[in-house]
Amino acid sequence: MKYKDYYGVMGVDRKASAEEIKNTYRKLARKYHPDVSKEPGAEEKFKEVGEAYETLKDPDKRAAYDRLGSHQPGQDFRPPPGWEKQFGGGQFSFDDLDLGDLFSQFSRGRRRAGPGGGKIRVPGEDYEVTAHISLEDAYRGTEVDLELEVPEHDEQGFPHRVRRAFKARIPKGATDGQRLRLPGKGGKGLNGGRDGDLYLNIALHPHRLFRASGHDLYLDLPLAPWEAVLGTSVQVPTLAGTVSLKVPPGTHAGQRLRLASRGLPKPHAGEGDLFAIVQIAVPTAASGRERALFKELAEASTFNPRGHFEREAAK
Amino acid sequence: MKIEQATWLHEHYEFSLAELCELSGLSETELRELVDYGVLAPIEPDARDWSFRADRLVVARSARRLRKDLDLDPHGVALVVTLLERVRDLETELRDLRAKLPRRQQQS
């Protein structure tokens, strides 16, 4: 069995009082709780802290933990002889047990000793995983490979970490932040308790061209100044291939041209739209002829794009 | 390898009160408390049997974790969940605005 330094994880002294441990836990929980925290790695850190606190907050568990002595974190060690009796089991091998799983079973020993026995239904643990998928995958629907490490109980009821791999089908209709539920794919229930669920949190990879907002997509559409003035028809990429888009004469920068139903499909029915946002692009190096034509245009045009500045100044 | 089918948690699916309790790990009393505090709203509050939009499960599970992990009383849970919902709404709005912003402008 590998040693875990619960005091080290929480950053408290081995002699810390119950009050100190509780206060430290609260501080760390506020900092790392996955529902609250945005710190990278917060979820992992909170799991470690939560596991440490589960054992250290309970005087009996803490005493049992202290009897293991002090070792290097991750170091293989053997508990002192007879130490396992408090877990209510007979002889068992410590080799592939996880210290945290073992302590979560601690109360079993106490329950056995008392009336009623240890046959309480315990539901399996829920798990949450983020699935990163591409916009193309969200559009078509996809399969993702998932791997989980979940505790499974042996005949004696002791938990062992088991790697479980499976494929999950993500139906089309996904977008950033949406959740999926895989019933029964979490931890196994105990004594007839229901199996836990697996929750998938969808996160979209950034796309080179499209930006997603819900099921709508946004695309920058650069136009040459003369295209914007005269109007044109342009070829625009969509997730289902190229389509033709009519740009009306007098189109200005920032204008949104809507391509109905060319966005992401929605889970129940229908699909979002694709919006092409117009940008006016200018050639960085204009040729002599181009410059001459623009000069001619500048002289001929009465267009004043800043008329409102002048009107404002005259007030 | 068998392919597992996943179901969406979105507003077009519904859970009954009992289902929401089972899946979130909250007791019926706790769930009713969240409704009283305005954190969770049933689809039809006047109906005899409450049902909830499936995406409310995310909120209910978050409430259970917060209660258990941060040792909060129901009022504290309600406050935190309400604020978290607001953060989530603002994040969604921010993502929407970013999507609408031309990329060249974003880079500068």
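Modeller: Let us begin with helix axes: axes are lines fitted to C-alpha atoms, for helices over the stretch in contact, and angles run from 0 to 180 degrees between N-to-C directions. Helices (H or I, at least four residues) and strands (E, at least two) are DSSP runs, numbered from the N terminus. This is a predicted model, in which local features need pLDDT of at least 70, side-chain atom pairs count only at pLDDT 80 or more, and totals for chains, interfaces and linings use all residues. Residues are numbered from 1 along each chain as its sequence is written, chains are lettered from A in the order in which they are written, and side-chain values use heavy atoms, without hydrogens and water.

Colleague: At what angle do the axes of helix α3 and helix α4 of chain A cross?

Modeller: Two packed helices are described by the angle between their axes and the distance between the axes. Here α3 (residues 42-56) and α4 (residues 59-66) of chain A have axes that come within 6 Å and cross at roughly 100°. That makes α3(A) roughly perpendicular to α4(A) (65 to 115 degrees; under 35 is roughly parallel, over 145 roughly antiparallel, the rest oblique).

Colleague: Which residues of α3(A) and α4(A) meet?

Modeller: Contact means heavy atoms within 4.5 Å. Glu54(A), Thr55(A) and Leu56(A) of α3(A) meet Lys61(A), Arg62(A) and Tyr65(A) of α4(A).

Colleague: Is Arg164(A) buried or exposed?

Modeller: Buried means under 20% relative accessible area, exposed over 50%, and partly exposed in between (1.4 Å probe, protein chains only). Arg164(A), in strand β3 (residues 159-170) of chain A, is buried, because its relative accessible area is 15%. A polar atom of the Arg164(A) side chain lies 3.3 Å from the backbone oxygen of Lys185(A).

Colleague: Where does Thr82(B) lie, and which backbone oxygen does its side chain reach?

Modeller: Thr82(B) belongs to helix α4 (residues 74-100) of chain B and is partly exposed, at 44% relative accessible area. The Thr82(B) side chain reaches the backbone oxygen of Ala78(B) at 2.6 Å.

Colleague: What is the phi of Asp71(B)?

Modeller: Asp71(B) has a phi near 60°, a positive value in a residue other than glycine. Asp71(B) sits in the loop between α3 (56-70) and α4 of chain B and is exposed, with a relative accessible area of 52%.

Colleague: How many residues of each chain take part in the contact between chain B and chain A?

Modeller: Chain B contributes 34 residues and chain A 51 residues.

Key:
Polar contact = N/O pair within 3.5 Å; in protein donor to acceptor, adjacent residues only side chain to side chain.
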